[in-house]
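Reader: Please show me the sequence together with the structure, and then let us go through them slowly, one question at a time.

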Amino acid sequence: MNVAIITFPGSNCDQDCHRSVDVAGGSPSYVWHRETSLGGADAVIVPGGFAHGDYLRPGAIARFSPIMDAVIDFARGGGLVVGICNGFQVLCEAGLLPGALLRNESLRFQSHDCRMRVERADTVYTSEYREGQVIRMPLSHADGNYYADPETLAELEDGGRVVFRYCDAGGAVSDAANPNGSLNNIGGIVNERGNVLGMMPHPDRAFDPALGSVDGLPLFTSLVGALARAEVA
Amino acid sequence: MSRFTVELLVTPRPGLLDPQGKAIHHALSSLGYDAVDEVRVGKAIYLEVTAATPEAARERVEEMCRKLLANPVTEDFRVTASQNGGAAG
């Protein structure tokens, strides 16, 4: 249950992801972006931060780091790949997830807790949540405004691929609860096959009561559990 | 082979929300510039490119746009090439 965490120059949540996987019972390891092999990892996390300084566009240069060919091959083969925050931006730039993350509608860097409704509890990443559950975790980004063209957005909605949606404490999805202007309050999506997840908020900063929330931990225990079941099968 | 200065303009696609443009539009309006109907903000990238012809330089940069310099989901681009001084060494 080895989970590779990709470290780019400018990544700053790689250690948070490492600790989250560890607490969830998995075996995390760091993979430097100049590597060309994932070293037999069972899953991959692309962590948050500012890979390559976010120059040009967030994720645009990271997407061409040497390790990304291996990540793309792994994902296309059905391997489990999670992108959190900057990692979500990298996966969109790499074409593993549809759409793009634009500048926040407010033009401000948003750094605060948010709430999201779990729209799908039947993915490999959310099996430890309940459908409709309202979870709380931090977000921290300038470019988290999810955009996709109308056809792509319809595909995501019709295919049930919106996994997390920004909401208020009561679970109501509203403009007031939308921190960045994302279309349809989208906070996280999966690809068509369901093996690639991207999300802007940080489950990796919500795995211990000392951090103010443990609502991120089920994401990692879901992932580690899925890997454990795959190992048995 | 000659050296060309290639100017690349990358702009948000029409209809795409452009909060920066909106903020600048708002600032212009508050300064009294009521004649401005819309503001869109993109970026300009300048490249010095060695190529046989300006068309070849432009085509090369268009390829770079499709691969890296522009995001086709959100951005349009326009490329113009102009000869820059003498022949490249």
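**A walk through the two chains**

Reader: Is A:Pro150 buried or exposed, judged by its relative accessible area?
Author: The model is predicted, so local features need pLDDT of at least 70 and side-chain atom pairs count only at pLDDT 80 or more, whereas totals for chains, interfaces and linings use all residues. Residues are numbered from 1 along each chain as its sequence is written, chains are lettered from A and ligands numbered from 1 in the order in which they are written, and side-chain values use heavy atoms, with hydrogens and water left out. A residue is called buried under 20% relative accessible area, exposed over 50% and partly exposed in between, with a 1.4 Å probe and protein chains only. Since the relative accessible area of A:Pro150 is 57%, the word for A:Pro150 is exposed.

Reader: In which element does A:Pro150 lie, and what distance separates its C-alpha atom from that of A:Leu183?
Author: Helices (H or I, at least four residues) and strands (E, at least two) are DSSP runs numbered from the N terminus, and A:Pro150 belongs to helix 4 of chain A, residues 150–158. Along the chain A:Pro150 and A:Leu183 are 33 residues apart, and the separation of their C-alpha atoms is 9.9 Å.

Reader: Why is helix 2 of chain A described as largely enclosed by the rest of the structure?
Author: Helix 2 covers residues 67–76 of chain A, and its buried residues are A:Ile67, A:Met68, A:Ala70, A:Val71, A:Ile72, A:Phe74 and A:Ala75. They pack, with contact meaning heavy atoms within 4.5 Å, against several elements of chain A, including strand 1 (2–7), strand 2 (27–32) and helix 3 (86–93). Helix 2 is largely enclosed because the buried share of its 10 residues is seven.

Reader: Which residues does A:Val71 touch, and how many residues are in the largest nonpolar core?
Author: Leaving out residues up to four places away in sequence, A:Val71 touches A:Ile6, A:Leu38, A:Val44, A:Val81 and A:Leu96. A nonpolar core is a set of buried Ala, Val, Leu, Ile, Met, Phe, Trp, Tyr and Cys residues joined through side-chain atoms within 4.5 Å, and A:Val71 is among those with the most contacts inside the largest one. Apart from it lies another core of 14 residues, among them B:Val6 and B:Leu69, while the number of residues in the largest core is 69.

Reader: What is the volume of the largest pocket?
Author: On a 1 Å grid over the protein atoms alone, a pocket is an open set of points where a 1.4 Å probe fits, with protein on both sides within 12 Å along at least five of seven lines, and lining residues have an atom within 4 Å of a point. Of its 27 lining residues, the closest to the centre are A:Arg57, A:Leu102, A:Arg103, B:Lys43 and B:Glu75. The space in the largest pocket is about 570 Å³.

Reader: Which residue of chain A is in contact with B:Glu75?
Author: B:Glu75 sits in strand 3 of chain B, residues 75–87, and at 14% relative accessibility B:Glu75 is buried. Setting aside neighbours within four places in sequence, its contacts include B:Val10, B:Thr11 and B:Lys43, and from chain A the contact is A:Arg57.

Reader: Which residues of chain B does A:Phe64 touch?
Author: A:Phe64 lies in the loop between strand 3 and helix 2 of chain A, and at 36% relative accessible area A:Phe64 is partly exposed. Not counting residues up to four places away in sequence, A:Phe64 touches B:Lys67 and B:Leu68.

Reader: What phi does A:Asn185 take?
Author: A:Asn185 is in the loop between strand 9 (162–166) and strand 10 (186–190) of chain A, and A:Asn185 is buried at 6% relative accessible area. Although A:Asn185 is not a glycine, its phi is positive, at about 55°.

Terms used: Points joined across faces, edges and corners; volume = space filled by probe spheres on them.
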